[in-house]
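Here's a quick briefing to read with the model open beside you.

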Amino acid sequence: ISVSLLVLVLGFCASLPVLFGFSRGSLLSTAALTASALVCFVAVPLLYTKYVLRIPFAAVGWRFPDKSSTTVRLTLLILAPHVVVLGALSFIPAFREFYTFPTTAGISHLAFVIPFSILYYAAEEFLFRGFFFLSLAKISVWGAYATNAVLFALLHLGKPSFEVVFAVVSALLLCWLTKRTGSFIPAAAVHFSIAVFLNVLIYLH
């Protein structure tokens, strides 16, 4: 329970830049959200893992996957349904409107945003699939799946309703991927890839 409450608090704290008025999609907002994510989603959980849980960082997925060929196959397997669903969602007007690029977006904007996005999604996946899921799975695997899916969906509140629903399915798939590989990195790769894929589709529309 304490881990679940910690994740809720950290999720709220990481969103403070948005709550304080940073405009979504701006360079300043991207940098601020990434900085808060690195603190709330990575630094704090690692400290909690070391000093409270007293288990190795590898036990919460803070490591590279073991078998690279198997990891690649599993990652592509989980990526496929995400691409199909988000590809379909990109045709929905409300979805496109929510993810519309800033009118000033250009190559320089994307060159700035992409590295920060990699860090943000890696941090988010470590929190949810690494620290949260793997630590709870030691107590109850099915409970860890269910709790992770619910909290991940809550994190998406405020986004289009169909994305909130799909977040439940996505969380389950990413948790399975993390459990099979023992690392949060493949889940982070999937999350970042679908974010890029979605933004490209929205841009092309």
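Predicted model: local features only at pLDDT ≥ 70, side-chain atom pairs only at ≥ 80, totals over all residues.

Phe41, Tyr120 and Tyr121 form one aromatic cluster. Rings of Phe, Tyr and Trp (its six-membered ring) are taken as a pair if their centres lie within 6.5 Å, and by this rule the count comes to 10 aromatic pairs. Residues are numbered from 1 along each chain as its sequence is written, and side-chain values use heavy atoms, with hydrogens and water left out.

**Aromatic pairs**

- A pair of aromatic rings is described by the distance of the centres and the angle of the planes.
- Planes under 30 degrees apart count as stacked, over 60 as edge-to-face and the rest as tilted.
- Phe126 and Phe184 are an edge-to-face pair, at 5.4 Å centre to centre with 70 degrees between the planes.
- Phe126 sits in helix H6 (residues 107-137) and Phe184 in the loop between helix H8 (161-181) and helix H9 (185-204), so this pair ties together parts that are 58 residues apart in sequence.
- Phe126 and Phe184 are both buried, where buried means under 20% relative accessible area, exposed over 50% and partly exposed in between (1.4 Å probe, protein chains only).
- Phe128 and Phe132 have ring centres 6.4 Å apart and planes at 75 degrees, so they pair edge-to-face too.
- Phe128 and Phe132 are four residues apart in helix H6, which puts about one helical turn between them.
- Both Phe128 and Phe132 are buried.

**Overall make-up**

- The protein has nine helices and zero strands; helices (H or I, at least four residues) and strands (E, at least two) are DSSP runs, numbered from the N terminus.
- Of the 205 residues in the protein, 43% are buried.
- Among contacts with a separation of 6 or more, 75% are between residues 24 or more positions apart, contact meaning heavy atoms within 4.5 Å.

**H4 against H8**

- The axes of helix H4 (residues 68-89) and H8 come within 10 Å and cross at roughly 175 degrees.
- That makes H4 roughly antiparallel to H8; angles under 35 degrees count as roughly parallel, over 145 as roughly antiparallel, 65 to 115 as roughly perpendicular and the rest as oblique.
- Axes here are lines fitted to C-alpha atoms, for helices over the stretch in contact, with angles running from 0 to 180 degrees between N-to-C directions.
- Residues making the contact include Leu74, Ile78 and Val85 of H4 and Phe166, Leu173 and Trp176 of H8.
- By class, the H4 contact with H8 has 12 nonpolar, five polar and one charged residues. Ala, Val, Leu, Ile, Met, Phe, Trp, Tyr, Cys and Pro count as nonpolar, Asp, Glu, Lys and Arg as charged, and the others, Gly among them, as polar.

**H1 against H7**

- Helix H1 (residues 2-14) and helix H7 (residues 141-155) pack at about 15 degrees, with axes 11 Å apart.
- That makes H1 roughly parallel to H7.
- Ser4, Val7 and Leu8 of H1 meet Thr147, Leu151 and Leu154 of H7.
- The class count for H1 with H7 is four nonpolar, two polar and no charged residues.

- Most residues other than glycine have a negative phi.
- Arg54 has a positive phi of about 55 degrees although it is not a glycine.
- Arg54 lies in the loop between helix H3 (27-53) and H4, and is exposed, with a relative accessible area of 66%.
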